[in-house]
Each structure stands twice: as C-alpha cells, then as structure tokens.
Amino acid sequence: MTTHRQQHTAAWVRHFADRGHPDARPLAAGVEGAVYRLGDGTVAKVWSGRRPAGLELMRRVYEDIARHSASLPFATPEIHAVEEHEGVLVTYERELRGTPLRPDSAIAAPPRELPARETDALLTVLRALAAVPGTEAMRRLTVQGDDRPLWEGHARFPDALAALVRRAVRRHGDLLAAQVSDLAAVVRRTAESLVALPDSPFVSVVHGDLVPPNIHVDDTGAPTAVLDFGFFTTAGDPAFEAAVTAAVWDMYGPYAEHHTAVLTRLFAEELHHSPDTLALYQRAYALATYDLFSSDGSDGHFRWCVALLGRGSLTPPR
C-alpha cells in the first residue's frame, strides 16, 4: 500500500538544533509534510510543495478559526512563524496535545464494529466545525491538485465543487475512464446533481481530510485537537465535511465499505443531512482527488476512488 508520507531526515533535526532546539525529534509525517517536536511547546512542519503565498493564506484561515476557539471543544493549529530553508518551507506552530484517535487504516485496520468512543468523537468534531463560519480567506484556498481557488468565479459551494469535478477529470480522465464504466455519464450526472442542490443554510469551514491521525483525543476519548488543515480545506456545506469523513475514515481496512455505509447513515441521522446528498458529495470527492498521488493509477488512493465510484449509493437501506 502506497501511503505517500514524507520522510524524516537527520538533516532537518540538525537544522532545528542549530536554530536553538537541541531536543528536536521527529513527531509525525503525512501527505503534505513531516513534523518535528521542538521541545518547547512548538512543532516545526517541513512542507512539500506549498509556496509562501499559500502558507500565508492558510495562516489567515487558522486565525479565522481561532476567533471561535471559545466555542470549540478542541484546539486548532496556529502558525507562529514561517521560514524558507534551501527552497523548502517550514512553519513553526504550537504543539497540539493529545494522541491520534486511531492509526490510519493503511497502517492498522479498525475492527468491524467501530467503538462508540470513535463515533462520538467524530460527531463532536463535525458539529463543532460546522458552527465555524466560512470566510473569504477560506474561499480563496486552492485544494490540492487544482490550479485555482475553489470558489473562484462562483457564489455557491455546490457550483464550485461541480466545476472542480469537471476540471479534475480533464487532468487524467483517460486513466479513470479505463476503470470506471461510462465515466462521462458519471461526471455529467454528478456535476448536474451538484448544481441542482439547494443553497446551504450555512457555509462553514471544511477541513476536508478528517482521517484518524488528524483528530487527537485525551485519555477519555474526548477530542483535544484537530490538525493538518490544508489538503481540501475550504468554506463549504457542512454536509460535504460529513460525507468525506464517512468515506475516508477507513479507506483500506477489510471493512472499509461497511464503515463508510455505517458512518454515512449515522451522520445523516445525527446531523440531519440527506443521505443522497452525502452519497453525491462522496462521488464528487472521488472524482476530484483520484489522481492526486500518481498520474498512472498505481497508488492505493486511485484504487479506492475507483472502488467508491463503482459502488453506486453508499448509504445502506433503512
């Protein structure tokens, strides 16, 4: 299974030691970078590919979220400083406490029955983020793999997402068409269905990548931090966040499809989202992200997107 995580290096440990952090050590690694604990309540994130303008915009997004910290039951990132070292960007951020709710499913598959501890934590996070208003800075973000701000030229989130789906399929559509039956019809129906969605009563911050390592909890299972915004962060419909979370919580375990169906139904019931809208957003996410880790379909994420698009409705019968 290809995970596409960045690698820690001794050179970065030495760099942080030279900057006055002799206790620096590797902490975690993900798609967008590698994180080092500096030992003074801060961490350093070594980014992959993101340019300074993008980071400054993300810093503003973090500030927008922090304005609502009093109502959030968990902490969110804050960027204290940014540097560029040998062409690589580094952010210095406050360290967020807690431990990952669970390892990524590519590393350790969850059991068939998800513990209430996990589903309760997910509902807490989804409800809290859905109450944080979307801002202009969030609308100006570009999701990974795209070439323009998601909201550019659009006044509604469903319209912006439909345009993204069409652009994304143009990148390597032939690759996807070889695996997805009648892809052109799938794309057309998905885009048309998105445009037909009614206006959301509230546009909120969308994290867009609530995989298990990005939610930290305390010993009781209560969320203490949500981290690693940026992969698909934007302003949008809270139902999109719920839909994507249900789909990506377990992507590679033996019960992945079952977990997606169970979480989709749970979020529809508890958060009052339409099951059909959640399934639609899941298809849109797969069409928008299928080629983000390779252009030849050799990675696990591509295969996951193909499988999701082949399932039809992802919500189980009542």
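Author: Two strands count as paired if DSSP finds at least two bridges between them. Keep that in mind as we go through this model, which is predicted.

Reader: OK, over how many bridges do S8 and S9 pair, and in which sense?

Author: In general, strands of a sheet pair through backbone hydrogen bonds, either parallel or antiparallel. Here strand S8, residues 215-217, pairs with S9 over 3 bridges in the antiparallel sense. For a spot to look at, find Val217, which stands opposite Pro223 in S9.

Reader: Which strands are at the edges of that sheet?

Author: The sheet is open, with 3 strands in the order S6-S8-S9 and antiparallel pairing. Strand S6 (99-100) and strand S9 (223-226) are its edges, each pairing on one side only.

Reader: And which helix lies across S8 and S9?

Author: That's H3, residues 116-130, which runs at about 55° to S9.

Reader: How do the axes of H3 and H7 cross?

Author: The axes of H3 and H7 (residues 238-248) come within 9 Å and cross at roughly 155°. Angles over 145 degrees count as roughly antiparallel, so that's what H3 is to H7. The crossing is right-handed.

Reader: Which residues meet there?

Author: From H3 you get Leu122, Leu126, Leu129 and Ala130; from H7, Pro238, Glu241, Ala242 and Thr245. That contact splits into 6 nonpolar, 1 polar and 1 charged.

Reader: What pLDDT does the protein average?

Author: It's 92, with 94% of the residues scoring at least 70. Over residues 313-318, though, the pLDDT is below 50, and this stretch has 12 contacts in the model beyond near neighbours in sequence.

Notes: Residues numbered from 1 in each chain as written. Predicted model: local features only at pLDDT ≥ 70, side-chain atom pairs only at ≥ 80, totals over all residues. Heavy atoms only, no water. pLDDT = per-residue confidence, 0-100. Contact = heavy atoms within 4.5 Å. Helix = DSSP H or I, 4+ residues; strand = E, 2+ residues; numbered from the N terminus. Axes fitted to C-alpha atoms, helices over the stretch in contact; angles between N-to-C directions. Parallel < 35°, antiparallel > 145°, perpendicular 65-115°, else oblique. Left-handed = near helix turned anticlockwise from the far one by under 90°. Nonpolar A, V, L, I, M, F, W, Y, C, P; charged D, E, K, R; others polar.
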